[in-house]
Each structure stands twice: as structure tokens, then as C-alpha cells.
Amino acid sequence: RHIRAIAMEHREDDETRGVLGASDELRKGLLHLLSNGSDAARYWCCHCIVSLSHKHAANQTVIATHDGMMHAILSVLQHGTALSRGAACSALVEATFRNA
């Protein structure tokens, strides 16, 4: 939630969101939680991806191409609750199709 709050606070600040999105450690952490976290953790990870990717082509690219990320989001779509599936849908759109 905290990372999402930072991204939301700087939603119009492409530079800050770019620094966050460029962090390999952050993306690895998001991937880990998407793959191994609780449904609530998956929900917040998806919203973090949405916040980082929104209207930010560089973040879209690094998130969408991060090894295993799309698979993890699709897994949430297949196995999550209604709440996390909705968030995963948003993450998939923001990290791929919306900015294309």
C-alpha cells in the first residue's frame, strides 16, 4: 500500500514514477507478492502496477517485460477473488494495452 501511495502522490510526476518503475528490486518484490502473497497483497500489488504504469510508457515496458510478471498477473486473474481479479484486470490493461 505504501508504494502505491507514493506512486499516487506523484501520479503527475513522471520522473519519480520512472525511478520507482526502473527499480528491479521493486519489480522483483511485486512479482514475489503476486506469486506468493495473500489475496490482499495481490490486490495491492496490482494497484501499485496500475499507479506506476498509468500514462508512463517506460514503466509500462519494464513491468510488462519483467520475467514472469505477466504470468503472475494472469494467475491472479485465474485464481484470485473477485476483488483481486478486478485489480489484476486493471494492471494488465495499464501495463500493456492502454499505453500502446
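## Basis of the values

In this predicted model, local features require pLDDT of at least 70 and side-chain atom pairs count only at pLDDT 80 or more, while totals for chains, interfaces and linings use all residues. Residues are numbered from 1 along each chain as its sequence is written, and side-chain values use heavy atoms, with hydrogens and water left out.

## Overall fold

The chain contains seven helices and zero strands (DSSP runs, H or I of at least four residues for helices and E of at least two for strands, numbered from the N terminus). Of its 100 residues, 39% are buried (under 20% relative accessible area, 1.4 Å probe, protein chains only).

Contacts are heavy atoms within 4.5 Å. Of those between residues at least 6 apart in sequence, 65% join residues at least 24 apart.

Beyond its neighbours within four places in sequence, Ile73 contacts Leu34, Ile49, Ala88, Ala91 and Leu92.

## Ser84

Ser84 lies in helix H7 and counts as buried because its relative accessibility is 0%. Its side chain makes a polar contact with the side chain of Asp39 at 2.6 Å (N or O atoms within 3.5 Å, one able to donate a hydrogen and the other to accept it; residues adjacent in sequence count only if both atoms are side-chain atoms). The Ser84 side chain also reaches the backbone nitrogen of Thr81 at 3.1 Å.

Not counting residues up to four places away in sequence, Ser84 touches Asp39, Tyr43 and Val76.

Key. Buried means under 20% relative accessible area, exposed over 50%, partly exposed in between (1.4 Å probe, protein chains only).
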